[in-house]
Amino acid sequence: MWDAIVVGSGIGGLAAAAALAKRSKRVLLLEQHTVPGGQTQTFRRQGWVFATGVHYVSGVGPQEGPEGQFRRLLEWLGDGSLRFAPCVNPYDIVHLPGFEFGIPHPEAAYRAALHGRFPGEGAAIDDWFHACHEARKAGMALMASHDLPAWIAWGFRLLRGRQADRWSRHTLADQLADIADPRLHAVLGARWADYGAPPTTAPFIEHALVTGAYDGGAYYPVGGPARFAESLLPTVRAAGGECRLGAEVRQILVENERAVGVEVVEGGSRAIERAEHVISDIGLANTLARLDALVAPAWREQASRLAPGLGYVALYIGFEGDISGAGATSANHWIYDSEDIDRVWRQPADEDAPGLFISFPSLKDPAWKGSPTAEVLAVVDRAAFATWLDEPQLSNDYAAFKDWVTQRLLGQFNRHFPTLAPMVRFYEAATPLTQRRFVRAVGGSMYGVEMSVERQSSDALRLRTPVPGLLLAGQDVTGPGVQAAFMGGLMAAATVEPALWRQLGR
Ligand SMILES: Cc1cc2nc3c(=O)[nH]c(=O)nc-3n(C[C@H](O)[C@H](O)[C@H](O)COP(=O)(O)OP(=O)(O)OC[C@H]3O[C@@H](n4cnc5c(N)ncnc54)[C@H](O)[C@@H]3O)c2cc1C
């Protein structure tokens with residue numbers, strides 16, 4: 001009998017397990033993959049190491065306030081050895097045809113840079129930042145009403161309820177409609193792949209929260225993103241807990257209407273593990289799929305209105321030579337083929353990706369041990385891969401399709417970085433099928449449930465589920481991003497162990 005079972009070792013699951021361990025709870029952490037960390041895992045090909053779901057991290061700056069909160073919480077939960085290196089500033093560079101704009105932090109610098117570049121748009125720029133501030137406050141209230149203890153949620157509602165109602169149905173496109181200059185419009189909206197929904201779908205609140213989180217700086221974990229699991233798992237073990245890899249949870253057991261444990265398959269053998277609490281970090285749809293079909297029908301009905309989000313294709317590139325000398329830096333590049341930043345890549349076989357995110361992780365990590373790398377990402381409509389998403393075996397026609405798309409992305413990379421093209425020695429792509437296989441993302445989605453205004457007010461995504469003893473953690477509850485998913489895990493642990501709420505004020 002464990003104090004808690006955590007299903008899934010993504011950053012949300014790791015945070016929940018480590019936080020409970022800090023309260024001397026014995027936690028069993030179950031991960032279906034052979035590598036811990038979920039989307040913070042890394043993988044190696046020959047001399048090149050690639051990260052999957054971390055390109056930059058917010059909240060880990062040296063500051064005392066919210067800009068450093070994630071770092072302080074990690075220091076408390078981990079072995080204290082997890083360090084972060086700042087990315088170059090400007091850290092995000094937006095490229096449009098014939099135009100480039102570097103986004104710096106903090107906000108005052110970003111604002112000044114916009115004023116300098118768009119001198120005729122001063123009022124629109126100031127209104128934009130004012131709206132971002134208001135939306136962020138509303139976002140906190142919205143989150144509180146979903147996730148925090150009832151008395152705190154009540155306080156937030158009293159203070160900010162009207163604001164939350166006003167902003168909760170507002171999309172990024174609604175806010176961008178006030179921006180007349182097409183280039184300013186594109187710069188302000190460009191970074192939507194950070195939360196996975198284009199302006200017409202994205203809640204403005206989410207945009208304000210995610211982009212605002214980098215006001216405190218953009219950082220990369222020293223030693224790579226695998227360091228998250230390496231630093232948090234010893235805490236779980238020190239309290240008598242365990243992390244089992246290759247352990248797939250097939251069923252969440254419910255007895256007398258309460259979650260009491262899981263059925264897990266490890267190395268072909270089935271076992272039952274029991275606990276007082278089950279915390280699921282595997283996303284809403286995966287969690288429901290592991291409950292008996294008759295459990296919580298109203299919850300299922302609410303969840304059925306939420307679709308999986310968009311997918312992505314990634315191209316992992318390995319180089320030989322000095323890529324900094326050839327112009328690469330630790331900044332991220334957001335490259336659009338037109339000022340129409342709303343377009344999603346719908347026909348990857350027949351068209352180039354309309355938007356690319358390109359980063360050079362080997363230049364972000366001062367402790368990098370391998371050869372230099374780049375990671376190229378393009379958000380894609382999962383429908384393009386629908387034929388193969390549910391097939392148990394990878395087919396030859398999928399391999400041919402993937403190869404075609406790989407060459408297309410490589411061609412785009414080479415055109416944008418011609419000085420790096422001759423240094424390319426290795427490349428390999430990931431598609432929504434890869435995402436489904438390694439982290440079991442439903443439909444191969446990039447960030448779980450689709451990011452939309454419906455999602456933000458859905459009752460299906462609460463920490464405390466309608467099944468007593470079963471909690472949700474991770475990105476589906478608190479939003480995409482390492483920091484947000486971590487907070488989702490920590491808050492799930494605090495729901496089980498209320499003394500932990502105090503730690504959130506660190
Ligand atoms: C391409 C990409 C780039 C990104 N870039 C950034 C970035 O630069 N900065 C940032 O902050 N965020 C980024 N993110 C987002 C961030 O990585 C995620 O939001 C976050 O890591 C999600 O954590 P999680 O714990 O919620 O879930 P996950 O990391 O998805 O973990 C879920 C875990 O559950 C396991 N699992 C699933 N089913 C079972 C089962 N039945 N039994 C046992 N285990 C199971 C999975 O294998 C997985 O390990 C990126 C994401 C992607 C995909």
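Ile152 lies in helix α5, which spans residues 150–168, helices here being DSSP runs of H or I of at least four residues and strands runs of E of at least two, numbered from the N terminus. The model is a predicted one, in which local features need pLDDT of at least 70 and side-chain atom pairs count only at pLDDT 80 or more, while totals for chains, interfaces and linings use all residues. Residues are numbered from 1 along each chain as its sequence is written, and side-chain values use heavy atoms, without hydrogens or water.

Ile152 counts as partly exposed because its relative accessibility is 21%, where buried means under 20% relative accessible area, exposed over 50% and partly exposed in between, with a 1.4 Å probe and protein chains only. Between the C-alpha atoms of Ile152 and Ala141, which are 11 residues apart along the chain, the separation is 9.8 Å.

Glu121 sits in the loop between α3 (107–117) and α4 (122–147). When residues up to four places away in sequence are not counted, Glu121 touches Asp181 and Leu184, a contact being heavy atoms within 4.5 Å.

Turning to the whole chain, the protein has 17 helices and 18 strands. Its radius of gyration is 22 Å, close to the 23 Å that the globule rule gives for 506 residues, so the protein is as compact as a globular protein of that length; the radius is taken over C-alpha atoms, and the rule is 2.2 Å times the number of residues to the power 0.38. Of the 506 residues, 60% count as buried, and the C-alpha atoms fill a box of roughly 65 × 55 × 45 Å, taken along the principal axes.
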